[in-house]
Amino acid sequence: MVKLSTNRSLDYDSICEKVLNLNSSIRFVGVINERGKLLSGGLREGLKSLEDPKDDEMLFTEVALRARMRKEFDNQLGKVRFAMSLRDKVIIMSFPINEHDILYVSANTDLDHGKISMKILEMLD
């Protein structure tokens, strides 16, 4: 089990690998910072990205922005544990790791997202 803290020198490579190994339907796992910069992780070996690699930065920036915006309601609703988007081609999930960094996961639509999201949350607790 991976234990996380607010220490920014965590072994993000190990975390990404453990999440990627949870299920073969997981396509991509990465850790991004609050500005959308990819700190660690990547696409499962042997797969082709669905988006153009030059669009990754914009996608990660959007995820980081949405995570910051969700914090506006933390006092009233509690902290966000994870967020998910179900798209036609992929499932995208984001999990705040600490105040600065986000675990980003994309998977094929056949993924049992309820079970996997709970497993990831257990890893992050």
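The following paragraphs lead the reader through the structure, from its overall build to its details.

The structure is a predicted model, in which local features need pLDDT of at least 70 and side-chain atom pairs count only at pLDDT 80 or more, while totals for chains, interfaces and linings use all residues. Residues are numbered from 1 along each chain as its sequence is written, and side-chain values use heavy atoms, with hydrogens and water left out.

The protein chain contains 4 helices and 5 strands. Both kinds of element are DSSP runs numbered from the N terminus, where helices are H or I runs of at least four residues and strands are E runs of at least two. Read from the N terminus, the order of elements is α-β-β-α-α-β-β-β-α. The C-alpha trace spans about 40 × 30 × 30 Å along its principal axes. The radius of gyration is 14 Å, in agreement with the value near 14 Å for a compact globule of 125 residues; this radius is taken over C-alpha atoms, and the globule rule is 2.2 Å times the number of residues to the power 0.38. Of the 125 residues, 39% count as buried. Here buried means under 20% relative accessible area, exposed means over 50%, and partly exposed lies in between, with a 1.4 Å probe and protein chains only. 

The strands form an open sheet in the order S2-S1-S5-S4-S3, with antiparallel pairing. Strand S2 (38-43) and S3 stand at the edges and have a single partner strand each, so one side of each lacks a neighbour in the sheet. From one strand to the next, the twist averages 10 degrees. Two strands count as paired if DSSP finds at least two bridges between them. In general, strands of a sheet pair through backbone hydrogen bonds, either parallel or antiparallel.

Strand S5 (residues 102-107) deserves a separate look. Strand S1 (residues 26-32) runs antiparallel to S5 and is joined to S5 by 6 bridges; Ile26 has Ala107 as its bridge partner in S5. Strand S4 (residues 91-96) also pairs with S5 in the antiparallel sense, over 6 bridges, and a hairpin of 5 residues joins S4 to S5. Within this pairing, Ile92 stands opposite Ser106, and Phe95 has Leu103 as its bridge partner. 

The side chains of S5 may be considered next. In a regular strand, side chains alternate between the two faces of the sheet. In S5, Ile102, Tyr104 and Ser106 point one way, whereas Leu103, Val105 and Ala107 point the other way, and all are buried.

Helices lie against this sheet. H1 packs on the sheet and touches S1, S2 and S5, with its direction at about 155 degrees to that of S1. H2 packs on the sheet as well, touching S1, S2, S3, S4 and S5, and its direction makes about 125 degrees with that of S5. Contact means heavy atoms within 4.5 Å; axes are lines fitted to C-alpha atoms, for helices over the stretch in contact, and angles run from 0 to 180 degrees between N-to-C directions.

In soluble globular proteins, nonpolar side chains tend to be buried together. A nonpolar core is a set of buried Ala, Val, Leu, Ile, Met, Phe, Trp, Tyr and Cys residues joined through side-chain atoms within 4.5 Å. The largest such core has 21 residues, of which Val19, Ile26, Val29, Phe95, Leu103, Val105 and Ile120 touch the most other members. Helix H1 (12-20), S1, S4, S5 and H4 each supply at least two residues of this core. Beyond its neighbours within four places in sequence, Leu103 is in contact with residues including Ile15, Val19, Val29, Phe95 and Ile120. A second, separate core of 11 residues includes Phe28, Ile32, Val63 and Tyr104.

Charged side chains complete the picture. A salt bridge is a side-chain nitrogen of Lys or Arg within 4 Å of a carboxyl oxygen of Asp or Glu, and the count comes to 4. Glu62 and Arg66 meet in one of them (2.9 Å, N to O); both residues lie in helix H2 (residues 56-70), 4 residues apart, about one turn of the helix. Glu62 is partly exposed at 30% relative accessible area, and Arg66 is partly exposed at 46%. Another salt bridge joins Lys71 and Glu99 (3.7 Å, N to O). This pair links distant parts of the chain, 28 residues apart, with Lys71 in the loop between H2 and helix H3 (74-77) and Glu99 in the loop between S4 and S5. Lys71, Lys79 and Glu99 are linked in a network of salt bridges.
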